[in-house]
Amino acid sequence: MSLKHAILAVLSHGDRTGYDLTRKMDGSVANFWPATHQQIYIELKRLDELGLVRFKEKLQKGRPDKKIYKITKTGLTELKAWAEEPLEIAASKDALLIKVFACHALGTKHLIDELKSLRELHQARLHEYQEIEANCFLGKISPRLLAQHLTLRKGIIFERSWLEWCDESLKRLSEY
């Protein structure tokens with residue numbers, strides 16, 4: 001996957017300015033496909049050059065003009081073609097797991113402290129996701145909202161399993 005597909009996926013939900021796109025990505029796909037604002041704007045320019053998105057300029061008084069980006073038919077075709085490609089299990093790089101793997105040689109004090117700190121962050125993220133779910137996904141939802149809800153559910157389940165693993169790890173590490 002690439003940033004290209006993440007941007008096309010967000011634009012498939014509706015037209016956005018570059019600023020609105022980065023905000024939407026920060027509040028949604030950045031949880032599983034992070035990108036800086038600079039990377040997003042560079043990719044938008046490239047997508048426009050490839051004909052996968054187009055923009056309309058909206059004139060503004062006293063401020064720079066806005067570019068409102070829209071996915072093109074070619075962009076939607078690209079997104080669909082990419083979505084039909086089979087995926088492999090994504091490789092994971094996690095520095096924390098290297099620390100865990102080496103804790104027999106490094107000791108457990110620092111690792112326990114770090115796990116406790118990370119646990120608080122993951123608990124806060126879980127709470128944030130649960131609040132979003134409670135506020136935005138009540139009752140019957142549209143197919144577009146279902147797509148967003150399913151990605152949110154993946155985040156909720158991930159955070160719960162991370163917390164379960166962390167609690168188990170803290171318990172076992174404290175025995176040494």
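**Figure 1. The crossing of helices H7 and H8 is left-handed.** A crossing counts as left-handed if the near helix is turned anticlockwise from the far one by less than a right angle, and as right-handed if clockwise. The view is taken from a predicted model, in which local features need pLDDT of at least 70 and side-chain atom pairs count only at pLDDT 80 or more, while totals for chains, interfaces and linings use all residues. Residues are numbered from 1 along each chain as its sequence is written, and side-chain values use heavy atoms, with hydrogens and water left out. H7 and helix H8 (residues 143-173) pack with their axes 9 Å apart and at an angle of about 155°, which makes H7 roughly antiparallel to H8. Axes are lines fitted to C-alpha atoms, for helices over the stretch in contact, and angles run from 0 to 180 degrees between N-to-C directions; those under 35 degrees count as roughly parallel, over 145 as roughly antiparallel, 65 to 115 as roughly perpendicular and the rest as oblique. Helices (H or I, at least four residues) and strands (E, at least two) are DSSP runs, numbered from the N terminus.

**Figure 2. Glu-133 lies in helix H7 (residues 109-136).** Glu-133 counts as buried because its relative accessibility is 19%, where buried means under 20% relative accessible area, exposed over 50% and partly exposed in between (1.4 Å probe, protein chains only). Leaving aside residues up to four places away in sequence, Glu-133 touches His-149, Leu-152, Arg-153 and Ile-156, a contact being heavy atoms within 4.5 Å. The side chains of Glu-133 and His-149 are also joined by a polar contact of 2.8 Å; such a contact is a pair of N or O atoms within 3.5 Å, and within protein one must be able to donate a hydrogen and the other to accept it, with residues adjacent in sequence counting only if both atoms are side-chain atoms.

**Figure 3. Three strands form an open, antiparallel sheet in the order S1-S3-S2.** The edge strands, each pairing on one side only, are S1 (16-17) and S2 (53-58). Two strands pair if DSSP finds at least two bridges between them. S1 and strand S3 (residues 66-71) pair over two bridges, with Arg-16 opposite Tyr-69 and Thr-17 partnered by Ile-68. Helix H1 (residues 3-11) packs on this sheet, touching S1, S2 and S3, and its direction makes about 95° with that of S3. Six bridges join S2 to S3, and Glu-57 has Lys-67 of S3 as its bridge partner.

**Figure 4. Helix H2 passes helix H3 in a right-handed crossing.** The axes of H2 (residues 18-26) and H3 (residues 37-50) come within 10 Å and cross at roughly 125°, which makes H2 oblique to H3. Residues making the contact include Tyr-19, Leu-21 and Met-25 of H2, together with Ile-40, Tyr-41 and Leu-44 of H3.
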